[in-house]
Amino acid sequence: MADMPELTLETHNVPVYPSGDFVVANGANEGDAISFADDLVLDDIYTLAPAAQTRNIGLHRGPDGSYKVSQSSAVGRIGATVHLDCTVTLMSDTTEVTDVLVLVELDSTGHVQEVYAMPLVPLHAKVDYRLVGIDRNGAAQKLAQMACVSFTRGTGITLGSGRQRPVEDLRPGDPVLTRDNGVQPLRWIGQTTQRAVGAFAPIRIAAGTLNNTNDLIVSPDHRLFVYQRVDKLGAGRAELLVRAAHLVNGTSVTVQRGGFVDYFQLLFDTHQIIYAEGIAAESMLVDARTAQLLDETTRGAIAPASNRQNNLTALEVEKTLLDRPDAVDILRHASKG
């Protein structure tokens, strides 16, 4: 087996509520804030403080597998260890099911400094949330799944022959056309099924919006590659990566909420730009967070170059440049021949 690749320490900013914003209104722990798994009691009913707002905690995962609070974090002590304690499942009084990750920040002596609730579906004030499940083992995988760029079932992926094949019909070893490195063999395919809500609700890019031949439906953080023949966006460069979620305009780019969604992750020896429904989009990038989805054998077989920061990540466009109603039209026209 190859040596374990050196994984990037990319920072991930995730929205959380401090524990005091989410408190037991009725039950065995009445009056107590949400806490780690050992302190939780099933059937307790939680409510969100009326003025509560999420704040971003910046996390990076080190080589030893631990998460630390990054310098970009809006909450927490920089450098403090953060433990992914559990995932709790809540049911509202309308029977809507919500998952919340519980993050525990430790002080310098290893004791609990603060607990954070990271909702995967938006929480609302004046709603009762009954605790119906506690999963002590799946929090790291949930966080990894959120970070993983994914295509949805039915997405046409361009092969080396130029023919398209639905993503669910691909197999390891299939030759896939890449933008920068010709035809590359597919090394690994992941699949997860998620409720299409909150952080897992896919983004639909209608046919023709970015010169795509059919509707393209991807995970929110999936980055699409755009080559501007003229820099109409004002990014200062021709080659751009844009996150699907940053393009949502309510018309040609929309959030597809409700039901379930099948997500597929495509991994190559190195991070690639491939073609989905005729337009360029990134493959899975293995970093310290997404590596949790891979088994040890697969992680060891992937070339280290796949897991280091590469030139592609530097192409990402800041959300502020896309905060304009005509951003999608600008990108479409800028990329036309």
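This is a short walk through one protein chain, from its overall build down to a few single residues.

Okay, some ground rules. What you see is a predicted model, where local features need pLDDT of at least 70 and side-chain atom pairs count only at pLDDT 80 or more, while totals for chains, interfaces and linings use all residues. Residues are numbered from 1 along each chain as its sequence is written, and side-chain values use heavy atoms, with hydrogens and water left out.

So, the big picture. The protein chain holds 4 helices and 23 strands; those are DSSP runs numbered from the N terminus, H or I with at least four residues for helices, E with at least two for strands. Its C-alpha trace spans about 65 × 50 × 40 Å along the principal axes. For 337 residues, a compact globule would have a radius of gyration near 20 Å, and the protein chain agrees, with 21 Å. That radius is taken over C-alpha atoms, and the globule rule is 2.2 Å times the number of residues to the power 0.38.

Of the 337 residues, 49% are buried, where buried means under 20% relative accessible area, exposed means over 50%, and partly exposed is in between, using a 1.4 Å probe and protein chains only. The accessible surface comes to about 14,900 Å², and carbon and sulfur atoms account for 47% of that. Those areas come from the Shrake-Rupley method with a 1.4 Å probe, and for residues only the protein chains shown count as cover. As for contacts, meaning heavy atoms within 4.5 Å, take those between residues at least 6 apart in sequence: 64% join residues at least 24 apart.

Let's zoom in on Q228. You'll find Q228 in the loop between β18 (223-227) and β19 (239-243). Is Q228 buried or exposed? Q228 counts as buried, because its relative accessibility is 2%. Its side chain reaches the backbone oxygen of R237 at 3.1 Å. That's a polar contact, a pair of N or O atoms within 3.5 Å; within protein, one must be able to donate a hydrogen and the other to accept it, and residues adjacent in sequence count only if both atoms are side-chain atoms. Beyond neighbours within four places in sequence, Q228 is in contact with residues including L233, L240 and A334. And the C-alpha atoms of Q228 and L331 sit 7.2 Å apart, though 103 residues separate them along the chain.

That takes us to helix α4, residues 327-335, which is mostly covered, with 7 of its 9 residues buried. L331 and A334 are among those buried residues. What covers them? The cover for the buried residues of α4 includes β18, β19, β20 (253-255) and α3 (319-322).

Next stop, V167, in the loop between β12 (164-166) and β13 (175-177). V167 has 0% relative accessibility, so it counts as buried. Not counting residues up to four places away in sequence, V167 touches F151, G154, I157, F264 and L266, among others.

Last, a backbone point. Most residues other than glycine have a negative phi. D43 has a positive phi of about 80 degrees without being a glycine, and D43 lies in the loop between β2 (22-26) and β3 (45-48). K126, also not a glycine, has a positive phi of about 65 degrees, and K126 is in the loop between β8 (112-119) and β9 (129-135). At 47% relative accessibility D43 counts as partly exposed, whereas K126, at 81%, counts as exposed.
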